[in-house]
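Dear colleague,

Please find the structure below, handed over for your files.

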Amino acid sequence: MSLSTVLKWYNKIPPAERDMPLIPYGGKLYSPNEVLREVRANTPVGKALQAVIEAGHLTSYQTLKEIAKARLI
């Protein structure tokens, strides 16, 4: 696992969407900026989020509905 993989993912996200909820983990939705901060800090949450991104298993249909609702709020 590497920071470079997360940076490649992060750089594909439009700047206007980097503070919006996107990645679910542990009952919370993390924005791309939060994900990058956690990964750079090498926290346990950052390691888990990095693994999710690298595996490509970001969201399910149910989670997409939760993300849409959170973005509307």
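A crossing is called left-handed here if the near helix is turned anticlockwise from the far one by less than a right angle, and right-handed if clockwise. The crossing of H1 and H2 is left-handed by that rule.

The model is predicted, so local features need pLDDT of at least 70 and side-chain atom pairs count only at pLDDT 80 or more, while totals for chains, interfaces and linings use all residues. Numbering starts from 1 along each chain as its sequence is written, and side-chain values use heavy atoms, with hydrogens and water left out.

Overall layout

The protein has four helices and two strands. Helices (H or I, at least four residues) and strands (E, at least two) are DSSP runs, numbered from the N terminus. Along the sequence the pattern is α-β-β-α-α-α. Of the 73 residues, 27% are buried; buried means under 20% relative accessible area, exposed over 50%, and partly exposed in between (1.4 Å probe, protein chains only). Among contacts with a separation of 6 or more, 49% are between residues 24 or more positions apart, where contact means heavy atoms within 4.5 Å.

Helix packing

Two packed helices are described by the angle between their axes and the distance between the axes. Axes are lines fitted to C-alpha atoms, for helices over the stretch in contact, and angles run from 0 to 180 degrees between N-to-C directions. Angles under 35 degrees count as roughly parallel, over 145 as roughly antiparallel, 65 to 115 as roughly perpendicular and the rest as oblique. For the residue classes, Ala, Val, Leu, Ile, Met, Phe, Trp, Tyr, Cys and Pro count as nonpolar, Asp, Glu, Lys and Arg as charged, and the others, Gly among them, as polar.

H1 and H2 (residues 32-40) have axes that come within 11 Å and cross at roughly 165°. The two are therefore roughly antiparallel. On the H1 side the residues are Leu3, Val6, Leu7, Trp9 and Tyr10, and they meet Pro32, Asn33, Val35, Leu36, Val39 and Arg40 of H2. By class this contact has nine nonpolar residues, one polar and one charged.

For H1 (residues 3-11) and H3 (residues 44-55), the axes come within 10 Å and cross at roughly 65°. These helices are therefore roughly perpendicular to each other, and the crossing is left-handed. Leu3, Thr5, Val6 and Trp9 of H1 make the contact with Gln50, Ile53 and Glu54 of H3. Four of the residues in this contact are nonpolar, two polar and one charged.

The axes of H2 and H3 come within 7 Å, with a crossing angle of roughly 120°. That makes H2 oblique to H3. This crossing too is left-handed. Val35, Glu38 and Val39 of H2 meet Val45, Gly46, Leu49, Gln50 and Ile53 of H3, a contact with five nonpolar residues, two polar and one charged.

Salt bridge

Side chains of opposite charge can pair when their charged atoms come close. The structure holds one salt bridge, defined as a side-chain nitrogen of Lys or Arg within 4 Å of a carboxyl oxygen of Asp or Glu. Lysine 28 pairs with glutamate 34, the closest N and O atoms being 3.4 Å apart. Lysine 28 is in strand S2 (residues 28-30) and is partly exposed at 37% relative accessibility. Glutamate 34 is also partly exposed, at 22%. Leaving aside neighbours within four places in sequence, lysine 28 is in contact with Ile23 and Glu34.

Single residues

Serine 31 lies in the loop between S2 and H2 and counts as buried at 3% relative accessibility. Not counting residues up to four places away in sequence, serine 31 touches Arg18, Asp19, Met20, Pro21 and Leu22.

Arginine 71 is in helix H4 (residues 61-72) and is partly exposed at 29%. With neighbours within four places left aside, arginine 71 is in contact with Glu17, Met20, Pro21 and Leu22. The C-alpha atoms of arginine 71 and leucine 22 are separated by 8.9 Å, although the residues are 49 apart along the chain.

Most residues other than glycine have a negative phi. Asparagine 42, in the loop between H2 and H3, has a positive phi near 60°.

Regards
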